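Thanks for coming, everyone. Let me put the structure up, and then we will walk through it piece by piece.

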Amino acid sequence: MPTKTMTLRKPHIEDGANIWRLIRDTQVLDLNSPYFYLILCKYFEDTCVVAEEDHQIVGFVSAFCHPKSPEKMFVWQVAVDDSQRGKGVASALLHELVKRKECSSVQFIETTISPSNKASQALFSKLAKNLGTKIEKTDQIPPEIFPSNNHETEQTYLIGPFH
Ligand code: 9YT
C-alpha cells in the first residue's frame, strides 16, 4: 500500500464548496453559508490552510489578521475530517499557518472555543506550549447575544506573544 501524503496549502475559491461540506460534517462547528467559505478562500487565502489527501479536503483552518492590530490573528474555525482523527492534522494546520511568511509579523493568536469543545481547548494549549508561550482566557461572547437561544458561550483565548 503506498503511503498517502497530506498536502497543506492555501485554499482557492474552487475549494469553498468542499470546505463548506467539511464544516457541515463536523457537526460541532457553526456552519456558515457556502458563499462565506468561497469568499474566505478568495480573499483570505494567506491566513487559511487546507489539508488535502488523495484530492480530498480533510482539514481546514480559517483565520484573519485584526484590521486594526495586524500582529494579532484571529483563528476562526479549525476542522478535521473524522477519517483523520488522531493524526495531528489540526496541529499541523496551525503550525503551517504560524510559519507562513505572510504571517511572520503575527505575535498573538486569538480564538474562541465553546466550553464543551475540549479537543479544541487541548489543541490550542498544545500550540501555546509548542510555541513556548502562554495561553489565557480573556472575554466571553455570551449565549444571549446570538439570534438563537441555544448557542453555547464562546470563550476567547489569547496565545502569545511568539515569533
Ligand atoms: C477554533 C474554533 O474552531 N472555534 C469555533 C468557533 C465557533 N464555534 C465556530 O465558528 O464554529
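Start with one pair of side chains. Asp 25 and Arg 24 are joined by a side-chain polar contact of 3.0 Å. Keep in mind that this is a predicted model.

Stay with Asp 25 for a moment. Asp 25 sits in helix α1. Is Asp 25 buried, partly exposed or exposed? Its relative accessibility is 43%, so Asp 25 counts as partly exposed; buried would need a value under 20%, and exposed a value over 50%. Now look along the chain to Val 58. Asp 25 and Val 58 are 33 residues apart in sequence. In space, their C-alpha atoms are 11 Å apart.

Next, the helix itself. Helix α1 covers residues 16–26, and helix α2 covers residues 34–43. Their axes come within 8 Å and cross at roughly 125°. That angle makes α1 oblique to α2. The crossing is right-handed. Which residues meet there? From α1, we have Gly 16, Ala 17, Ile 19, Trp 20 and Ile 23. From α2, we have Pro 34, Tyr 37, Leu 38 and Cys 41. By class, that contact has 8 nonpolar residues, 1 polar and no charged.

On to helix α3, residues 89–99. How many of its 11 residues are buried? The count is 8, so α3 is largely enclosed by the rest of the structure. Among the buried ones are Val 89, Leu 93, Glu 96, Leu 97 and Val 98. What do the buried residues pack against? The list has five strands, β1, β2, β3, β4 and β5, plus helix α4.

Let's take that last partner. The axes of α3 and α4 are 10 Å apart, at an angle of about 45°. The two helices are therefore oblique to each other. Their crossing is right-handed. On the α3 side, Ala 90, Ser 91, Leu 94 and His 95 make the contact. On the α4 side, the residues are Leu 123, Phe 124, Lys 126, Leu 127 and Asn 130. The classes here are 5 nonpolar, 3 polar and 1 charged.

One more stop. Gln 121 lies in α4, which runs over residues 118–130. Its relative accessibility is 17%, so Gln 121 counts as buried. What does Gln 121 touch, leaving out residues up to four places away in sequence? The answer is Ile 113, Ser 114, Pro 115, Ser 116 and Tyr 157.

That is the tour. Over to you for questions.

Terms used: Residues are numbered from 1 along each chain as its sequence is written. This is a predicted model: local features need pLDDT of at least 70, side-chain atom pairs count only at pLDDT 80 or more; totals for chains, interfaces and linings use all residues. Side-chain values use heavy atoms; hydrogens and water are left out. Axes are lines fitted to C-alpha atoms, for helices over the stretch in contact, and angles run from 0 to 180 degrees between N-to-C directions. Helices (H or I, at least four residues) and strands (E, at least two) are DSSP runs, numbered from the N terminus. Angles under 35 degrees count as roughly parallel, over 145 as roughly antiparallel, 65 to 115 as roughly perpendicular and the rest as oblique. A crossing is left-handed if the near helix is turned anticlockwise from the far one by less than a right angle, and right-handed if clockwise. Contact means heavy atoms within 4.5 Å. Ala, Val, Leu, Ile, Met, Phe, Trp, Tyr, Cys and Pro count as nonpolar, Asp, Glu, Lys and Arg as charged, and the others, Gly among them, as polar. Buried means under 20% relative accessible area, exposed over 50%, partly exposed in between (1.4 Å probe, protein chains only). A polar contact is a pair of N or O atoms within 3.5 Å; within protein, one must be able to donate a hydrogen and the other to accept it, and residues adjacent in sequence count only if both atoms are side-chain atoms.
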